[in-house]
Amino acid sequence: MSDEVEVRFERLAAEHDRSAFACEQPSLTDYLLKFAGQNERSDIAACFVALAPDSAKVLGYYTISAHAVLESELSPEQKKGLPGYDRIPAFLIGRLARDVTMKGKGLGELLLIDAMMRLCSIEAAARMIVVDPIDENAGTFYGRYGFAPLGRMTARLYLPMKVARQAVRLARHDRDQPARR
């Protein structure tokens, strides 16, 4: 990360300023501007926003929701150790985007880490976190954090909860260590 950015995360609320938000993917911009609040109120997806410490301006966001992966979507290796259920519980990071002004500042990573920390702290069971990368760049981004193809011949990626919990423990440990000079 070149310029480390400091943000706070909050659940999307009416007082958050989304009006100037723009990212490289118009559909992700449109979602935040037009549909995120409605999906929040309808319990479709929980939207969390990244805000500057002293501002209500939205710099980035992600959505999370409960999900289920069809057993038929999994590769034989991914099915090992699972009961023969037709659906496997999962969490979905449905959308994740940062404002174009934040490009190269590490906000995407902070958004993903916050989402993973939040999902790992939920007192509900899920086998994995699933993402549907919007393009090849997004797929590469998630791949850097251990997400791998779900099944065969799909753009959908997953991260086992066991791996997510390990990563969150490491992130918390690193954060709690004093800075070395």
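This is a predicted model: local features need pLDDT of at least 70, side-chain atom pairs count only at pLDDT 80 or more; totals for chains, interfaces and linings use all residues.
I started with the largest pocket: 32 residues line it, and Leu96, Arg98, Asn137, Ala138 and Phe141 are the ones nearest its centre.

I looked up the volume next, and about 770 Å³ of space lies in the largest pocket. Sorting the lining by residue type, I got 15 nonpolar, eight polar and nine charged.

Then I asked which elements supply the lining. At least two residues each come from α1 (26-41), β4 (87-98), α3 (107-121) and α4 (136-143). β4 gives the largest share, with six residues.

On to the sheet. I traced seven strands in an open sheet with mixed pairing, and the order reads β1-β2-β3-β4-β5-β7-β6. β1 (8-11) and β6 (148-149) sit at the edges with a single partner strand each, so one side of each has no neighbour in the sheet.

β6 and β7 (residues 157-160) run antiparallel and are joined by two bridges. Proline 149 has leucine 157 in β7 as its bridge partner.

Last, I went through two helices that pack on the sheet. α1 touches β1, β2 (46-51), β3 (58-70) and β4, and its direction makes about 65° with that of β3. α4 touches β4, β5 (128-131) and β7, with its direction at about 115° to that of β4.

Note on methods: Residues are numbered from 1 along each chain as its sequence is written. Side-chain values use heavy atoms; hydrogens and water are left out. On a 1 Å grid over the protein atoms alone, a cavity is a set of points where a 1.4 Å probe fits but cannot get out, and a pocket is an open set with protein on both sides within 12 Å along at least five of seven lines; lining residues have an atom within 4 Å of a point. Grid points are joined across faces, edges and corners, and a volume is the space filled by probe spheres set on the points. Helices (H or I, at least four residues) and strands (E, at least two) are DSSP runs, numbered from the N terminus. Ala, Val, Leu, Ile, Met, Phe, Trp, Tyr, Cys and Pro count as nonpolar, Asp, Glu, Lys and Arg as charged, and the others, Gly among them, as polar. Two strands pair if DSSP finds at least two bridges between them. Contact means heavy atoms within 4.5 Å. Axes are lines fitted to C-alpha atoms, for helices over the stretch in contact, and angles run from 0 to 180 degrees between N-to-C directions.
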